[in-house]
Amino acid sequence: MMFDHNSKEWNDWQWQLRNTLGVEQLRGLLPDWDFTDSAAVDAAFPVKVSPYYLELLCAPAASVALRRMCLPDRTELYDAGFPVDPFDENGRNNPLYGVKQRFSDRILVMASASCALNCRHCTRKGMLTSSDLLPVDALEQAVGFVIAQPAIREVLISGGDPLMLPDESVLRFVNAFTCIDQIDAVRLCSRMPVTLPMRLTRSLTERLAASGKLWVNTQFNHAAEITTQSAAACRLLVDAGIPVSNQSVLLRGVNDSVEEMFRLCAALQRIRVRPYYVFQCDPVAGIEHFRVERTRARSIEKQLAARIGGLAMPRFVEDLPGSEYKQPLI
Ligand code: SF4
């Protein structure tokens, strides 16, 4: 253990962010990882790991799987011919600065361009810039946009990770939409329960729950990410009355086996987080090495369904550019 887990600092999410480790520090701490070409990989998408997650990387169990998700890999530089932005999220078609709409019943609001940890498999790794965010003081425009389209009933607050913002800003984003009558649900998309669980405080979760319309979607990809602290963060959300769902990504060398998926889904159910989706890795530049062949993905899904009850069985889907809904793998 490198840090004192009982210290006040360790449990302070802002201290964790101030002490986030970059590629050079990680190279010194994890000499058994192959850092070849890491400067070029880091220039394309910076390597960033919270002290909390670093400790998971150092644990012997499953450390390679976890390392693959956050340490540089030279194959990220390989050009498989995939686009940077296949869903045109950063495109001219966005109705408003920082607002994206692919489906008629929901919009996505970009609230932050940064995260506590930069996932190497991130779909938005080549396009996360602060120039495409909805500033918190421009919320009125987005609210007007929603009211003008009565078919919109759901708002996703995403990024980056919206929980990188201070509490008051997060609450302003959430409350701006929960107070609109036509809105049935606001989804907060955050990987903080996994990468920086101390970000979920009792005071924040209770205030987030107040509207009764908030849902949290997170992304645990491996059972080793479910720790005492991440379980406590999810408990705060669930006990406050906020439904928590998990959207994993199927990642080669991380969770692409029936055994790993079973362990993950069972562990999620134990902490009352619903295994909701398993996404096929998107066809995005720089993440080709994580993609699992469709036939193998289907086989994992079938075998998993035979082993686990329906409540803990996620839907295996892929998001295809131009598609009107997430396509089932089977
Ligand atoms: S937390 Fe989400 S947005 Fe941030 S790097 Fe990971 S996958 Fe991408």
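Guide: Axes are lines fitted to C-alpha atoms, for helices over the stretch in contact, and their angles run from 0 to 180 degrees between N-to-C directions. This is a predicted model, in which local features need pLDDT of at least 70 and side-chain atom pairs count only at pLDDT 80 or more, while totals for chains, interfaces and linings use all residues. Residues are numbered from 1 along each chain as its sequence is written, and side-chain values use heavy atoms, with hydrogens and water left out.

Visitor: How should I read a helix pair, and at what angle do H11 and H12 cross?

Guide: Two packed helices are described by the angle between their axes and the distance between the axes. Here helix H11 (residues 258-270) and helix H12 (residues 294-307) cross at roughly 50 degrees, and their axes come within 9 Å; helices (H or I, at least four residues) and strands (E, at least two) are DSSP runs, numbered from the N terminus. That makes H11 oblique to H12, since angles under 35 degrees count as roughly parallel, over 145 as roughly antiparallel, 65 to 115 as roughly perpendicular and the rest as oblique.

Visitor: Which residues make the contact of H11 with H12?

Guide: H11 brings Val258, Glu259, Met261, Phe262 and Cys265, and H12 brings Ile300, Gln303, Leu304 and Arg307, where contact means heavy atoms within 4.5 Å.

Visitor: How do H6 and H7 pack?

Guide: Helix H6 (residues 139-147) and helix H7 (residues 167-178) have axes 10 Å apart at an angle of about 25 degrees, and are therefore roughly parallel to each other. Leu139, Ala142, Val143 and Val146 in H6 meet Arg172, Phe173, Ala176 and Phe177 in H7.

Visitor: What volume does the largest pocket have, and which residues are closest to its centre?

Guide: Rolling a probe the size of a water molecule over the atoms shows where empty space is left. On a 1 Å grid over the protein atoms alone, using a 1.4 Å probe, a pocket is an open set of points with protein on both sides within 12 Å along at least five of seven lines, and lining residues have an atom within 4 Å of a point. The largest pocket has a volume of about 1,100 Å³, which is the space filled by probe spheres set on the points, joined across faces, edges and corners. Of its 46 lining residues, Leu108, Arg124, Ser158, Gln247 and Phe279 are the closest to its centre.

Visitor: Where is the cis peptide bond?

Guide: The cis bond joins glycine 159 and glycine 160, with omega of about 25 degrees, and glycine 160 is found in the loop between S3 and H7.
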